[in-house]
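Here are a few exercises to work through with the model open beside you. Try each task first, then follow the solution step by step.

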Amino acid sequence: MRKIKCIWVGKLRKKHWQGAAEEYLKKLGRTFPITEIILKDAPGHLEGTAKNEWEGKKILEKIDSQDFPIALDEHGQCITSVKFSKLLTQWTEDPATSPCFIIGGAYGLSKDVLSRCRYTLSLSPMTFPHELARVLLLEQLYRADSIRRGTPYHHI
Ligand SMILES: C[S@@+](CC[C@H](N)C(=O)[O-])C[C@H]1O[C@@H](n2cnc3c(N)ncnc32)[C@H](O)[C@@H]1O
């Protein structure tokens with residue numbers, strides 16, 4: 001079964017992010033059901049590292065033993081969409097595991113989350129807001145699936 005889990009920190013508050021995310025979730029839903037786990041932001045009185053450690057603990061609680069956790073982080077591996085499609089096929093076809101993509105909040109992912117992850121994916125060496133990173137990842141998942149199926153969405 002091809003299934004993908006996504007752990008996000010924080011809601012998409014603006015309509016334009018919601019609309020963009022929904023568009024790709026709907027397209028992906030036809031072939032790749034996505035399970036989204038949306039975690040609350042850390043309490044407002046926490047700052048910097050304390051914030052990402054608090055969020056990190058909540059993220060770790062949601063990673064199951066059969067998950068193959070993939071951190072989204074600007075310092076990770078920057079790869080082509082074709083390579084991503086191959087990796088995604090490999091991850092989703094492994095009967096023992098299923099991919100679990102993780103996007104952090106405003107202060108990023110904690111060291112514990114990064115070290116628990118089995119792959120770290122960068123969307124660019126530049127830093128994006130988590131809402132945009134979420135939309136970009138969903139679009140790349142859709143593109144990767146289109147490449148795998150040979151549908152005319154990606155033009156090499
Ligand atoms: C605003 S960024 C956090 C920025 C930065 N790491 C920090 O510590 O301040 C929020 C989240 O979006 C995701 N993100 C932002 N830019 C990214 C990129 N270029 N590649 C992959 N993920 C990115 C990451 O999951 C990150 O934890």
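**Exercise 1. Find the parts of the right-handed β-α-β unit.**

Step 1. The unit is made of β1, helix α1 (residues 15-29) and β2. Right-handed means that, with the strands pointing away from the viewer, the path from the first strand over the helix to the second runs clockwise. Helices (H or I, at least four residues) and strands (E, at least two) are DSSP runs, numbered from the N terminus.

Step 2. A word on the source: this is a predicted model, in which local features need pLDDT of at least 70 and side-chain atom pairs count only at pLDDT 80 or more, while totals for chains, interfaces and linings use all residues. Residues are numbered from 1 along each chain as its sequence is written.

**Exercise 2. Work out the order of the strands in the sheet.**

Step 1. Start with β1 (residues 4-9), which pairs with β2 (residues 34-39) in the parallel sense over six bridges; strands pair if DSSP finds at least two bridges between them. Ile7 stands opposite Ile37 in β2.

Step 2. β1 also pairs with β4 (residues 98-103), in the parallel sense over four bridges. Here the bridge partner of Ile7 is Ile102.

**Exercise 3. How is helix α3 oriented relative to α5?**

Step 1. The axes of α3 (residues 81-93) and α5 come within 8 Å and cross at roughly 80°. Axes are lines fitted to C-alpha atoms, for helices over the stretch in contact, and angles run from 0 to 180 degrees between N-to-C directions.

Step 2. Therefore α3 is roughly perpendicular to α5, a term that covers 65 to 115 degrees.

**Exercise 4. Which residues come nearest to the ligand?**

Step 1. Of the 18 residues around the ligand, the nearest are Leu72, Glu74, Gly104, Gly108 and Ala133. A residue counts as near if its C-beta atom, placed from the backbone, lies within 6 Å.

Step 2. β3 (67-78) and α5 (130-149) each supply at least two residues of this shell, and β3 gives the largest share, three residues.

How values were computed:
Angles under 35 degrees count as roughly parallel, over 145 as roughly antiparallel, 65 to 115 as roughly perpendicular and the rest as oblique.
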